[in-house]
Amino acid sequence: MNQNFQPLGFGPADILLPRAGTDMTKWAVVACDQFTSQPEYWQAVEETVGNAPSTLRLILPEARLGEDAEDDITAINATMDRYLADGIFQTLPDALLYLERTQSDGKVRRGLVGMVDLEQYDFTPGSGALIRATEGTVLDRIPPRTRVRRDAPIELPHVMLLVDDPGRTVIEPLAAKRDEMERVYDFDLQQGGGHLRGWLVPGTAYAGLSSALSALADPALPEEKYGLSGAAPMLFAVGDGNHSLAAAKACWEERKRTLPSAQWSTDPARYALAEVVNNHDDALAFAPIHRCLFGVEPQAVLEALLNFYPGAHLGAGEGHTIRFVWACGSGAVTVPSPTSQLAVGTLQAFLDAYLAVHPGKIDYIHGHETAEALGRQEGAIAFLLPAMGKEQLFKTVMADGVLPRKTFSMGHARDKRYYVEARRIR
């Protein structure tokens, strides 16, 4: 990693982009963990892409993750090799990319793409690492992702890291200089995903970037900024793609065991591409992630929820109020005097306990209308959760460890990161 950035766990990478002339709208597809209960979305992507070069052929949508995916993984790796051999990619050496994403709401979200050092990332609750998970990591979701990554020659990121930069010292200064930078792509994203533009950050800006990040990693900041005495600084919080980053970490730990320690710092598998976004970006909104159960008896689920928490009752009230929707209507359950800080924690504790002894499947749904529509199906029920304020994210994670898994989503499903850039990991 570039020496200016090495202590920070994030820096420039040898970034692969498709060569000039590639249809970028067909090339880029949304993060694989979106639209997991909407196969029609992925069918529409298939029809849009056709036979054109596309990241669709390089990733495994989670809508298919529950299937026997070994053939898919083999085909993905073979396509990666073919794209490399056919010269589909061009390499931008030691590069950082400044991005502007026009979202479906018309707002522009700014980002910075580079690579993270997996040695400085830890998803363990209470970790003091510079790069930490914000939500609980579901360990059984890591092995399927390691299968996808383990033998892959390249990676494509949908990981988004947040930096708590109210002074706007890291990313925002690049916006003022974008007209002086080389623009490397500018295109509409398919399926209503908005628009994406990217510029190559000049090396002359690296010193300023590393200095600004270093200031945010100051060991004195946790107490000065958050009132947390003795807390280790956290430079980056994983906002999206934590399980993919955890899989990259798992693959790196496997590979480390096969390498002399002298080779660790230069091995490409030690690093993973990610996009950094300022938590204070005006376009960044935290949206709730709703829960939907399938293959259940909704009335029995509601009765179990009421019995799970003494004093819980139907209707709104003091405490955590959780709305629900099913085929017979909608309503709310209130849990008084909750022990969890957030309603999502109260709900998830019940759902975990219920599904451990009852049949049924849970899915985590982005988007209020989608969750309602799915919840109204026969044998289903959706629980609709309120949004969490993003201003408390860093302090809460530093003080309490991690939030309940799938607590929040950064924007709606169509505004998620699209696969565009790649990097060799072998």
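Visitor: How is empty space inside a protein found?

Guide: Rolling a probe the size of a water molecule over the atoms shows where empty space is left. In this predicted model there are six cavities of 30 Å³ or more.

Visitor: What is the volume of the largest cavity, and which residues lie nearest its centre?

Guide: The largest cavity holds about 400 Å³ of space. Its lining is made of 25 residues, and R145, V148, R149, L156 and S244 lie nearest the centre. Helix 4 (142-150), strand 9 (154-155), helix 8 (242-256) and strand 14 (271-278) are the elements that give two or more residues to this lining. By class, the lining has 19 nonpolar, two polar and four charged residues.

Visitor: What about the second largest cavity?

Guide: The volume of the second largest cavity is about 230 Å³. It is lined by 21 residues, of which E135, G241, N242, H243 and K406 are the closest to its centre. Strand 13 (236-240) and helix 8 each supply at least two residues of that lining. The classes here are three nonpolar, nine polar and nine charged residues.

Visitor: How do I read a helix?

Guide: An α-helix has 3.6 residues a turn, so residues three or four places apart point the same way. Helix 10 (residues 343-357) has 15 residues, which at 1.5 Å a residue should span 21 Å; the end C-alpha atoms are 22 Å apart, which agrees.

Visitor: Which residues of helix 10 are buried, and what do they pack against?

Guide: The buried residues of helix 10 are A343, V344, G345, T346, L347, Q348, F350, L351 and Y354.

Visitor: Are C32 and C328 buried or exposed?

Guide: C32 is buried, with a relative accessible area of 11%. C328 counts as exposed, at 64% relative accessibility.

Visitor: Where is Q34, and what is Q34 in contact with?

Guide: Q34 lies in the loop between strand 3 (29-30) and helix 2 (39-49). Its relative accessible area is 1%, so Q34 is buried. Neighbours within four places in sequence aside, Q34 is in contact with W42, H366, A413 and K416.

Visitor: What is the phi of R168 and of S337?

Guide: R168 is not a glycine, yet its phi is positive, near 55°. R168 is found in the loop between strand 10 (160-163) and helix 5 (172-175), and is partly exposed at 32% relative accessible area. S337, also not a glycine, has a positive phi of about 50°. S337 sits in the loop between strand 18 and helix 10 and is exposed, with a relative accessible area of 69%.

Visitor: How far apart are the C-alpha atoms of A373 and A327?

Guide: They are separated by 9.4 Å, while the two residues are 46 residues apart along the chain. A373 lies in helix 11 (residues 368-375) and counts as partly exposed, at 49% relative accessibility.

Definitions and conventions: Residues are numbered from 1 along each chain as its sequence is written. This is a predicted model: local features need pLDDT of at least 70, side-chain atom pairs count only at pLDDT 80 or more; totals for chains, interfaces and linings use all residues. Side-chain values use heavy atoms; hydrogens and water are left out. Buried means under 20% relative accessible area, exposed over 50%, partly exposed in between (1.4 Å probe, protein chains only). Helices (H or I, at least four residues) and strands (E, at least two) are DSSP runs, numbered from the N terminus. The expected span of a helix is 1.5 Å times one less than its number of residues. On a 1 Å grid over the protein atoms alone, a cavity is a set of points where a 1.4 Å probe fits but cannot get out, and a pocket is an open set with protein on both sides within 12 Å along at least five of seven lines; lining residues have an atom within 4 Å of a point. Grid points are joined across faces, edges and corners, and a volume is the space filled by probe spheres set on the points. Ala, Val, Leu, Ile, Met, Phe, Trp, Tyr, Cys and Pro count as nonpolar, Asp, Glu, Lys and Arg as charged, and the others, Gly among them, as polar. Contact means heavy atoms within 4.5 Å.
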